[in-house]
Amino acid sequence: MTPSPSSSAQAAREVVAKRLRDLRKGAGLTVTELAAGCGWHHAKTSRIENARTAPSTSDIRRWCRAADAEALAEDLIAQSLHAESMYTEWRHQIRHGLKQLQNSSTAFFRRTELFRVYSSSLVPGFLQTEGYAAAILGMSARFRELPVDDSPEAARARVDRSRIIHERGRRFVLLIEEAVLHYRIGDADAMAAQLGHLLTAGALPAVSLGIIPTTAHRRQWPRETFHVYDDSLVSVELVSARVRITQPSEIALYARAFEELRQTAVYGAQARALIVKAIDSLG
């Protein structure tokens, strides 16, 4: 079973909190004495030790100084920054617009050779048409109440970024639930164009497109959408945030879940039949 991505980020924060608490206790300091040594209220010490408040770089340095453990400060700072970077709120990601969010991944994509994507809700971005992408990004702009809706420009940027699937030296193993083919995103024309694109994109040499039938005998229930980049990063998209997982043991769990989902999927003619069925259902 894959761990909850948000709980993974919280667990990383709790590791830092425990190390700070152990330093305080090892120094023989009470919560109040540590707070006095740092120059803040004792309630802040409790919030940090219980992982309710993330310590700043300055907080960690003052804590280590008060506990006579300054040599450990830089290691703890690095660990704390990693914990916080795992969980990035969307409001920070999109503060410069949806188009810039699409462009921000381009350099990373070019360093990646194997892309594994499982999606239980949407056609993966690599295979999205401009109309389908614009509909999704327009929903996001409305839901997040962005002051400027640049979803049409962002959709074009997403399609441009996706041209990487035509380049040599990369592989794309993409899995979707059959239900994705029937979720109405945009109008009927946009949906028909998207489904038609899947018929051709799934035949590209670098692309393996698997569809998990609703009638499949499952080894894994439908999971949250996740992306595995080589064996170095898993990205999970939540309503409020994007979680980046770099812990090898957790990446291995997602890779295992992906493999079990992959074995449940159908490919080739069987996958195309499911797409055609979805096109016919549009009426």
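Student: How many aromatic pairs does the count come to?
Tutor: This is a predicted model: local features need pLDDT of at least 70, side-chain atom pairs count only at pLDDT 80 or more, and totals for chains, interfaces and linings use all residues. Residues are numbered from 1 along each chain as its sequence is written, and side-chain values use heavy atoms, leaving out hydrogens and water. Rings of Phe, Tyr and Trp (its six-membered ring) pair if their centres lie within 6.5 Å; planes under 30 degrees apart count as stacked, over 60 as edge-to-face, the rest as tilted. By this rule, the count comes to twelve.

Student: Which class does the pair of Phe 115 and Phe 126 fall into?
Tutor: The ring centres of Phe 115 and Phe 126 are 5.1 Å apart. Their planes stand at 70°, so the pair is edge-to-face.

Student: How far apart in sequence are the parts that Phe 115 and Phe 126 tie together?
Tutor: Strands (E, at least two residues) and helices (H or I, at least four) are DSSP runs, numbered from the N terminus. Phe 115 lies in strand S2 (residues 114–119). Phe 126 lies in the loop between S2 and helix H9 (130–143), so the separation is eleven residues.

Student: Are Phe 115 and Phe 126 buried or exposed?
Tutor: Buried means under 20% relative accessible area, exposed over 50%, partly exposed in between (1.4 Å probe, protein chains only). Phe 115 and Phe 126 are both buried.

Student: How many residues apart in sequence are the parts joined by Tyr 118 and Phe 226?
Tutor: Tyr 118 belongs to strand S2. Phe 226 belongs to strand S5, so the parts are separated by a count of 108.

Student: Which residue lies over the face of Trp 221?
Tutor: A charge sits over a ring if NZ of Lys or CZ of Arg is within 6 Å of the ring centre and within 35 degrees of the ring normal. At 3.9 Å from the ring centre of Trp 221, the residue is Arg 223.

Student: Which residue in S6 stands opposite Val 228?
Tutor: Two strands pair if DSSP finds at least two bridges between them. S5 and S6 pair in the antiparallel sense over four bridges. Opposite Val 228 stands Val 234.

Student: What phi does Asp 230 take?
Tutor: Asp 230 sits in the loop between strand S5 (226–229) and strand S6 (233–237). That hairpin has three residues between the strands. Asp 230 counts as partly exposed because its relative accessibility is 23%. Its phi is positive, in a residue other than glycine, near 50°.

Student: In S7, which residue is the bridge partner of Val 236?
Tutor: S6 is mostly covered, with four of its five residues buried. Four bridges join S6 to strand S7 (residues 241–245), and the two run antiparallel. The partner of Val 236 is Val 243.

Student: Is Asp 68 buried or exposed?
Tutor: Asp 68 is placed in the loop between helix H4 (57–66) and helix H5 (73–86). Its phi is positive, near 55°. At 72% relative accessibility, Asp 68 counts as exposed.
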